[in-house]
Amino acid sequence: MAIKVVFCLPSLHFVGGMEKVLTIKANYFTDVFNYEVIIVLTDSKEKAPFFTLSNKINVVNFDINFEKIRHYPVFIRIFPYLYKQLIYRKRLTKLLMEIRPDITVSMLRREINFITWIKDGSKKVGEMQFNRLNYRDFDISDRFALIKGFLSKLWMKQLIFNLKRTDMFVVLSKEDMERWPEIKNITVIHNPIDKLSDKISDCSSKKVIAAGRFVEQKGFDMLIDSWKIVNRKHPDWTLSIYGEGDKALYNKQIANNGLEGSCTTNEVQRDLTEMFCESSIFAFSSRFEGFALILTEAMSFGVPPVAFSCPCGPKELITNGINGLLVTPGNITEFAEKICYLIENEEIRKEMGRSARERSKDFTIDKLAQDWDNLFKSLLKTNQIT
C-alpha cells in the first residue's frame, strides 16, 4: 500500500532552496516511489509554484496569508498572527483527520507549534531547512533589542519542546546536529540535487559564477569587494552573479569599486545549466546556510568552488584542496587569493572540477530519497509494532 505523506510550508512560489528541495523530493516520492503526496500551503494562493510539480501531487492552499502581516511592527502583528494561527490549526486538523496520512512533515514553520497535538494517527516529522544558529534570528540592533532577545529565547525553548514531541527531527548536516543536544530523536539527511546533467564545464573559460538571493546572508557584498582584488590581477576574467532581489546597492558597490564590465548582477534563472557550463569557478560567499544546495549544484556541473566555510554545509561538501577550496569566514582577502589560485593554475582547477563532479554524486535524489523512504518505513513499522 502506497505511503501517504503531507508536507506543510507557507508557499512554493519563492525561488528558494526549501521550495526547490521539496519539489525535487515530492516529485521523486510520487513518480518513483508511488507515494500519495499532499502539499499544504498557507500563503500566495494566486501564485503558481516556481519549480514544476508532478501533476500527481495534490496541493491544498488554505489562503490564510500570514505574509500579509509580516511587515507590521512586531508588537502590532501579534494579535492578527494569533488569529491566523488559530484558523490554520483548525483547517489543518480538519484536513488531516479527513485524509488520515501516514506521515506529516512540518518544514518547521507555524504548524510545528501544534502539529504533534493533532490525533490523526500520522507520524509527525520536523524538517529543518536552516541551521540552529540562524533560525528565528531577530534583528536586535534597534531600541527593542532586549524584548526581541527575550522573544528569540522564548521561541527557541518553545521549538525544542515541540521538536521533542515529534517522531523524528531531520537536520541537514552533522555540524548542525551537534547543536541540538536536547533532541534525541534526531537524524541527518542532506538536501538532494536532481539527477546529474550530461553537460559539464571544461573549466577553460575566464568566467566565475555566483548565485543566490540578493540578501545579506549570501554575502555578495563581500564577494564584490573580493572581486576588486581579483580584478587587479586578472582583468580579463569576469564575475556573474545571478539571483532574485533588489540589486541596487550591489550595483552601486560594483560602480564604486570600478568593476563595471568585469562584475555583473543578473536576474534569477529557472535553470542555470548553461551558465554553469560556461563558468570555471563557483564563488560561494554566504555568511550562513542550511546546507548550501547551490554549492552542490555547481559542483555537479564540474565547477570547482571557492567557499567560505560558514555554518552549515561547505565543510561537509568540500574536501579542501581536493574538490574545492575553503576560506576562513568573512576573510575577503583570502577569498580573493583562493580565486586567483584557481585562475592561475588551470590544470589544478580542472582536476578539482572533476573531483567536485564526483563528490556531487553522493547528493543526488536517487541516493537521498532512499534515506527518506527508509526513515518513513521505519517510523511506520514502529507504529505497527505498538
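These legends describe close-up views of a predicted model. Local features need pLDDT of at least 70 and side-chain atom pairs pLDDT 80 or more, while totals for chains, interfaces and linings use all residues. Residues are numbered from 1 along each chain as its sequence is written, and side-chain values use heavy atoms, without hydrogens and water.

**View 1. Helix 8 packs against helix 11.** Helix 8 spans residues 293-300 and helix 11 spans residues 346-360 (helices are DSSP runs of H or I, at least four residues, numbered from the N terminus). Their axes lie 7 Å apart, at an angle of about 120 degrees (axes are lines fitted to C-alpha atoms over the stretch in contact; angles run from 0 to 180 degrees between N-to-C directions).

**View 2. Residues at the contact of helix 8 with helix 11.** Helix 8 contributes T296, M299 and S300. Helix 11 contributes A356, R357, R359 and S360. Contact means heavy atoms within 4.5 Å.

**View 3. C203 is in no disulfide.** The whole structure has zero disulfides (pairs of cysteine sulfur atoms within 2.5 Å). For C203, the nearest cysteine sulfur belongs to C277, 10 Å away. C203 has 2% relative accessibility, so C203 counts as buried (under 20% relative accessible area, 1.4 Å probe, protein chains only).

**View 4. C310 is also without a disulfide.** The nearest cysteine sulfur, that of C312, is 7.8 Å away. C310 counts as buried because its relative accessibility is 0%.

Methods. Helices (H or I, at least four residues) and strands (E, at least two) are DSSP runs, numbered from the N terminus. Buried means under 20% relative accessible area, exposed over 50%, partly exposed in between (1.4 Å probe, protein chains only).
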